[in-house]
Every structure is written in structure tokens, then in C-alpha cells.
Amino acid sequence: MDVSPPSGPLTRLPEWLELSAHRAATGELDLASLFLEDSGRAARLRVEHEDLLLDYSKNLVTDETLALLAQLARATQLPERIEALFAGARLNVSEDRPAFHVALRAPAGSESKIEGEDVGERVQGVLARMEKFCLKVRSGRWTGHTGKRIRRVVNIGIGGSDLGPRMACRALRPYASSDLQVDFLANLDGDDFATRVESLDPAETLFVVCSKTFATEETLANARAARDWLVGALGDEAAVARHFVAASADAGAAGRFGIDPVYCFEFWDWVGGRFSLASSAGLSLMLSVGPEAFREVLGGMHAMDAHFRRAPLEANMPVLLGLLGVWYGGFLDAETHCVAPYSEGLGEFPAYLQQLEMESNGKSVGIMGAPLDHHTAPIVWGQTGTPGQHAFFQLLHQGTRRVPCDFIAFARAHHRVADHHDRLMAHCFAQSEALAFGSPGEPHQACPGNRPSNTLLAPLLTPRVLGQLVALYEHKVFVQATVWGVNAFDQWGVQLGKDLAARIFAEIETGTGPGPDHDGSTRGLIRRYLDARQAGD
């Protein structure tokens, strides 16, 4: 299946040039005028699918803008690449493999083929093993080395093996078992490790080592420290097999660590780390909320997959979010994008999206290996409302930079506390209104408005709704990668720092000090560190 991007620079495409001319002709659009002149704008510029409502009417676009963006999407072969994604094509061209995470949430019995091989049965087999194991742990039938029930789970991972399950566990805390507390260890910082384990009873703790390759430096360093801590406390190497399980594509490496291969839950090289929540990388989430709720997450993901695959571009939620981002970054000079969930449960969602978007699309070289002549991913940032209102919303309202914003909110809360939720929602709706329309006043008081935003509204933060949200943003990333002509499924820029760190660690560990091939600044920093460490010893 040939899904190569169009030849030549994106900015030379007729569709891009039409958008540039449109931008010049319309000048600075005014949201207040757009709403005043079009009484049907709010009703027209919205999309609903299952539980999610996307209101995108407060964006600096006209119907013509949206039509031209859809033309650009077609010119960059977005419909064809969507089909290629669902067909298991080798879209990760730099690593010559598919990016087939949609197969992880396809219903049992459906066909999920990669180059003629149906992987659906393998996916369902791993899910069944995960469910069986989780039910044993959650019921108390799986015990630790001393016979005690497991009451604490620590997920050891980093990047997609940490941010996804960490975010989801916090989001779905109302559905979590009261008998099992799940925590996360990612940082390569001894203070973080010490803080995590100080409250643990080794006899009641299960570690989930989550690493596709079972070779990630930070994850293995923390896993080895946890194993030493456990064996030191329980006095028996055999304890490892009852207190460690793995989510990994390398059962052999997990076995050499001491993990029983029966409890190494597989995922595959066609699953990218930041797209892996629906795989065995979500084992800690399943332990927390149970197999049924985990299946609901998968169901929500699949529902959004189906919408993304079948809905026309003009009424396709991920496509619209992606194209709006292309518009702001390519034509309105927006450099950042704010995500403001009005839900404490989604407190980790902005950090999750940072990796999903910035590691996927933070590229300056196109899929064919040529430098790009346009900007790609924005800097993604954010915080929950209302704390964010008292931290950075001042800049959103009166700052000099244009910052498109996504508001995410829910009609109901899991816990009714006085009139808190009504107040919370009032703030959410007020912020998007204030950003869009501003207010007059003295120069230091006036808010100019005309600041764009989307609002996503759902009834309640349930497992199914969370799955829809995750898949929505996954596909938004794919849309933008397609238009910008980058590979969303590799991350070679991360490797350079890893390689340099390995060299520097060897110089520190052996005591030889910095080699001559480092720059003067780095040599000085290494020497200063070694001197300070020795003085501390």
C-alpha cells in the first residue's frame, strides 16, 4: 500500500497556498463578529460521537477555512493513510514496521491483519491471561512469597510505560479496588525510589516491570533496586518470582531477571510505547480497576477508532482537532497548546499528552528524510482548572502570545460535595467565554478576547469515556503527522541523550573522569560533580 506523502514541500502545495491566501484575505478574524453574524455558528460547529461533544465554534475559523483545511488533508492523503493505519501497513517507515495499536482494542472475533496475519487471536490471548492473573491478585488468591495477600502494586516503567497507565489509574480512581493500591516509579532518582518504598511492606508488594524491550536503562535500574530491596527484606531470591511480573516483548530478558515467563505478558513491536495503554502495558490499570472496567476502556477506544475511520473529514472529531492545530501552528503563529481539564481525575492528562504529541510529532525532518520548511508539533502544556486559573490563565487572557486551548469537562462528578461541581462547570464555561469575547475597561483591566478554544464535554469520567478521550488524541496526532509529513511512531531524537549519558556514566563509574571529546562545559560539570561527590563521601 503506497501512502507516501506528496512530493515536494508541504508549503508549495496548491492547497497550502490557498490557505495562505485565505489567511491574508481574511486578516485577523473576530470571534464576536463571527457569532454576531451567524446565529447558527454554535450549533453548526460541533460534533458529537457517543459520549463526547466537541464544541469548536470558538475557533478563529470560517466555513471556508474549514473547507480549505479539509482539502489540505485530502491532498496529503489523510483518507488513504487512515485506511493504511487500520490495515496494518508499515507506517513506521524508519523502523520498517506497522503502528497497529488499533488492533489492541478491536473486539474479540474481529479481523486484525498485518500483511495477511490475523493478530487478533494473539491480542485476545494476552488479554485473557492478564484478566486471569488480575482476578487472582484482586481476590487474594495470588499471594506473595510469605503467603501474605498483595495489597500494593508498583508499576516500574518510563515514558509510555508509565505516563499512560499512571494517567488512567488516576482518572479511574473511583473504579479502583479499595484493597489494592497502585503506585508508579519512573524517575531515575534515588530519592524518588526511597520515597516510594518507605511505606511498602515487601511481603505485600507486587512490582510490574513495564518495558517493551526489557532494556530501558531507567526502568531496569529501578527494577534492580526494587529486586535488591525485596530480596534483602525477605531473604530469598525465590521471592522474586512471586513479587515481580512483566509487560514486555522480551520474555527471555524478563526470565533472566527472575520473572516467571508465565507472568511475562507480551506486547509486540508494532505497538509504540506512547500508544500502548491498551496492551499489557496497561496491566497495572487492570489490576487497579479490574478486567471489566479495563474492557470498557478498550470499548471506548474502539468506538473512537470506528468514528475516526468512517466519519467524513468535515464531521470527524480527531480530524477537526488535528486540522485546527495545523491552522494555528502553520498560519497563525501559535507555538504552544494548552490543555485544561476541569476534572481532578484528569490531573495527569496534560503530561500524558505532552509525550503523545511532542514525542510523536516533534520532528524537523520529514518521512522521506528531507528537512521540513514548516513548523510541526506545538509545545503542549496545562493543568487542571481551577488551580490553573490562578497560575497561568493571566497569560492566556492578557498575554502577548496566542495560545489555543482545550477545555475538558464532565456534566457529573463522582462525588457530590455541596455545590462544588456546579461552580467548577461555571468556571470552565466562563473561561472559554472570556477568552473568546474578552471585556472592555482601562488598559490594564481590558481583556482583548479573540483567544481560541475547544470544549470537550462528556456526561461522566467513566472507563469508556476515558478510552474515547485517549483514542481521540491519539488520532489527532496521526492526523497532524500526516499533514506535516512526519513519522509519528519513532523518536530518534531521544537516543542521542541516551548514548551520551551511557558514555558519561562509564566515565563517572570508572573514575577516569571526562574524556577529551566532551566540550569544555560538560568536562567542567563532570569534574565538579566528581569532586563534590568525593567530598561528600
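Student: Which residues does Arg41 touch, not counting residues up to four places away in sequence?

Tutor: The model is a predicted one. Contact here means heavy atoms within 4.5 Å. With residues up to four places away in sequence set aside, Arg41 touches Leu31, Leu34, Phe35, Ser57, Asn59 and Val61.

Student: In which helix is Arg41 found, and which side chain of opposite charge is nearest?

Tutor: Arg41 belongs to helix α3, residues 41-44. The residue is buried yet has no salt bridge. A salt bridge needs a side-chain nitrogen of Lys or Arg within 4 Å of a carboxyl oxygen of Asp or Glu. The nearest side chain of opposite charge lies 5.3 Å away and is that of Asp38.

Student: Which residues lie nearest the centre of the largest pocket?

Tutor: This pocket has a volume of about 890 Å³. At least two lining residues come from each of α7 (160-171), α9 (217-234), α15 (349-361) and α19 (493-510). The lining comprises 36 residues, and those nearest the centre are Thr213, Thr216, Glu359, Gln491 and Lys498.

Student: How many residues of the lining of the largest pocket are charged?

Tutor: The lining of the largest pocket includes 13 nonpolar residues and 14 polar ones. The charged residues in that lining number nine.

Student: Which helix gives the most to the lining of the second largest pocket?

Tutor: The second largest pocket holds about 600 Å³ of space and is lined by 23 residues, with Ser343, Glu344, Gly345, Ala413 and His414 nearest its centre. Both α7 and α17 (420-437) supply at least two lining residues. With four residues, the helix that gives the most is α17.

Definitions and conventions:
Residues numbered from 1 in each chain as written. Predicted model: local features only at pLDDT ≥ 70, side-chain atom pairs only at ≥ 80, totals over all residues. Heavy atoms only, no water. 1 Å grid on protein atoms, 1.4 Å probe; cavity = no way out; pocket = protein on both sides within 12 Å on 5 of 7 lines; lining within 4 Å. Points joined across faces, edges and corners; volume = space filled by probe spheres on them. Nonpolar A, V, L, I, M, F, W, Y, C, P; charged D, E, K, R; others polar. Buried < 20%, exposed > 50% of the residue type's maximum accessible area, 1.4 Å probe, protein only. Lys, Arg positive; Asp, Glu negative; His and termini not counted.
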